[in-house]
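Good morning, everyone. Please have the model open on your screens while I talk.

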Amino acid sequence: MSSQSLQSAAVARLDALRHIVLAHGGGGQLTDELIGRMVLPRLGNDVLNDLLDASCVDLATSRAALTIDGYVVQPLTFPGGDIGRLAISGTVNDLAVSGAEPVAIALGLILAEGLDRKVLEKVLDSIAATAREAGVRVVTGDTKVVGRGQADGMYITTAGVGAVPAGRRLHMDQIRPGDAVLISGPIADHGLTVMLARQMPDVQSVLRSDVAPLNGMIRRMLDRTGGVVFMRDPTRGGLASVAADIAQRTGLHVLLDEPRIPIRPETRHAAEMLGLDPLEVANEGKVLVVVRPDAAEAALAALREDPLGREAMIIGRIEDVRDGLCELQTVIGGRRILQKPYGEQLPRIC
Amino acid sequence: MSQRRIIDSQEYLRRLRDAAEAIGRRVSFMEVCGTHTVNAFRCGLHSLMPSNVRLLSGPGCPVCVTSQGDIDMMIELARRGDVTICTYGDMLRVTGSGGNLEEARGQGAEVRVVYSSLEAVRLAAAEPDRKVVFTGVGFETTTPPTAAAVLEAEARNLKNFSVLVSHKRIMPAMRALLDSGQVRVDGFLCPGHVSAIIGYAAFAPVVRRYDLPCVIAGFEDLQIAAGLARLAEMVRDRRPTLENLYPQAVTRWGNRRAQNLIRRVFRSADATWRGLGAIPGSGLSLRGRFARFDAQQVFGLSAPNSPEPPGCRCGEVITGRVEPSECKLFGTACTPVRPMGPCMVSSEGTCQAWFKYHRPQGSLPAVTGVEVRA
Amino acid sequence: MCLAVPAQVKDCEGTEAVVDLHGNRVRVSTLLVPDVREGDWVLIHAGFAIQQLDAQTLEETFAVMEDLRKHAEGGTP
């Protein structure tokens, strides 16, 4: 047989496969076909296309930021996004909140035997689209296939590298009494969307995950003002977790103003229905910003110029009290402590 | 949040302060319901209470008062390997004498969190080879859904569905509490959603017999504040009455249909309350006609007698005799991450709420008023 | 001991109804409130409508209802 007809036969073989099989991860021809026919058409660029063992990228500055995260969300797709969008956004955001300009992503896929090929295609499409949105490239990757029933269908790991401008150092130890605390928009959308999709798939809701890359919005804010001292995206554990962590690690007092914390009505209602506290629910498209008081308005304005930050609010401040506690001033003017949640949130009826 | 709400709640807080000042001496109000416990903390009400008013938590956390024996039965069933336990999320981490349902699940047991009792019935109907047990926990708000599930299972003639019944009735517990003479309260904040089912008239005997004011309240900040204000005013005026501040959901006689459903399926039984011991007539058991849906009978289980961990004072906490911080285990050996007693396990438990939301001793700032924001 | 939220009945089908608030649509059992009709407001708990609510005074009672008005006017709180 000619190599051309071998080639067509191989292509026909891949196209006929509706599901991922173990051989796709074997490093042999099926792997090549998976990469060549599914991955590269979507994610390909001059660096990735070379498929070298390691890829080289140029960074504008000499200080690199590096981050890695694993994504194991269930279900794989949910209103507003999927595991692919999550995998790019999460890693881009970790770089961006550290003050780095995200440049390149390394993508690790662990697929389960039996995964529907259409699901994989959709996830790859999401990865491609989100990477374009964020202005980053996937420059290297790896694929493994594990047995049926493992990996909940698909696990993704992304590592990201970014360039940190000279002289920029965002760190908790910069935080001082008087600093303002901002949030870029309504909380709890992602966690509640995923919880509903998992626990109550019969519920039709307008809730959507907020998953999105925030580097564009953050870049504008950092260009606009030098007063930002620290940022973090409130993912697992929610806003409460980040705020409590800041209080604990700086030893200062964080005071948040409950009426100012934005939350969508449908999100609040879903939280009440499931017995969850929105402050402890994950966000995947929000950033908490600590900024010098005289720069707070400029930072807020910059956030609000971005579609992802239209509903940004100043929600609190750092107080000159050395108790390491985070407190919430409630709607009725009372106060209560905010702590990191103790474990995975469970829906309650009582 | 609306300005109206803030103004109204400030008004009630002012009335509470005025009444408390006029009373002078220390007064204690007991909120019976775990959701009231948690919400009172979460809305910051504790930090706004006048110094002579104490808010005590009562035995209204159904998870907290589920006896260790009942929990041990759930876990025993889960560990059998041929049973699927369907439970509300609340029960997942409640620990019996050895482990909890979540751990059992981690070890391979089939444990599913459901939002509705009917999900368990539907599962049993769809998979006749699977033995499904639903854990029926909760007070009168949650009992009708279990009753409905049993009737549905009967209608569908299911052979593989049963309920492990741990439901409790709130009134016998309140009476037992008051009769014990160990609790000194000046009034009750009564549970709004239990009352939606049983009606506010159910609390009239408490007012009549014990001369204590009772206010039915909803669960939001404004409503709890209003409830406390009215209780304080009634104490000040020495006019203990029954007042319904939740008329939107609570009527005099409640939801008759739901009550009938309970009566059709269950009869009162003696029950053991964790921390309180045995209280006659305070529990429910399935009527004879539904015996085949009674998991205890189907699987031949009996509740083992499990002692409380040494040093645990949950019983005193849920009867309002002791504050969590007075228990030596609180915050040291007993924390939400490693709970020893039920009050710390449950997300509605007094000890957990205290641990999560309460300021460390003596450091609560005085909050005297609030500006209405523009 | 009882988390329950208000919702409006959108569609009744036998012993069930689809109820809605702020776009969250849940199917609940109406076995406990069999007389409800579309447009009525109910209290939902553990997958059941447990009581009918007085529509006139709802906003006073539930903070989550205030959002309804604000939502209609546009924007989050």
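I will go through confidence, then the chains one by one, then the places where they touch.

First, some housekeeping. This is a predicted model: local features need pLDDT of at least 70, side-chain atom pairs count only at pLDDT 80 or more, and totals for chains, interfaces and linings use all residues. Residues are numbered from 1 along each chain as its sequence is written, while chains are lettered from A and ligands numbered from 1 in the order in which they are written.

Now confidence. pLDDT is the predictor's confidence in each residue, from 0 to 100. Chain B averages 90, and 95% of its residues score at least 70. Look at residues 361-374 of chain B, though. There the pLDDT is below 50. Beyond near neighbours in sequence, that stretch has 16 contacts in the model. A contact means two residues whose C-beta atoms, placed from the backbone, lie within 7 Å.

Next, the sheet in chain B. Helices (H or I, at least four residues) and strands (E, at least two) are DSSP runs, numbered from the N terminus. Two strands pair if DSSP finds at least two bridges between them. In general, strands of a sheet pair through backbone hydrogen bonds, either parallel or antiparallel. Which way does the pairing go in chain B? It is parallel, in an open sheet of 5 strands with the order 2-1-7-8-9. Strand 2 (53-60) and strand 9 (242-244) of chain B are the edges; each pairs on one side only. From one strand to the next, the twist averages 20°. For angles, axes are lines fitted to C-alpha atoms, for helices over the stretch in contact, and values run from 0 to 180 degrees between N-to-C directions.

Zoom in on strand 1 (residues 27-33) and strand 7 (residues 187-191) of chain B. They run parallel, joined by 3 bridges. B:Phe29 stands opposite B:Gly187 in strand 7 of chain B. Helix 2 of chain B packs on this sheet, touching strand 1, strand 2 and strand 7 of chain B. Its direction makes about 120° with that of strand 1 of chain B. Helix 11 (residues 221-236) of chain B packs on the sheet too, and makes about 170° with strand 8 (214-217) of chain B.

On to chain C. It has 2 helices and 5 strands. From the N terminus on, they run β-β-β-β-β-α-α. Of its 77 residues, 51% count as buried. Buried means 20 or more other C-beta atoms within 10 Å of a residue's own, with C-beta atoms placed from the backbone.

How does chain C meet its partners? 35 residues of chain B are in contact with 24 residues of chain C. Which helix of chain B gives the most to that side? Helix 9 of chain B does, with 4 residues. The chain B side divides into 18 nonpolar, 13 polar and 4 charged residues. Nonpolar here covers Ala, Val, Leu, Ile, Met, Phe, Trp, Tyr, Cys and Pro; charged covers Asp, Glu, Lys and Arg; the others, Gly among them, are polar. Against chain A, the contact takes 19 residues from chain C and 21 residues from chain A. Strand 3 (24-29) and helix 2 (63-73) of chain C each supply at least two residues of that chain C side.

Last, chain A. An automatic or database domain assignment sets the bounds: domain 1 (13-164) and domain 2 (172-338). Their centres, taken over C-alpha atoms, are separated by 28 Å. The contact takes 22 residues from each domain.

Note on methods: Buried ≥ 20, exposed ≤ 12 C-beta atoms within 10 Å, placed from the backbone.
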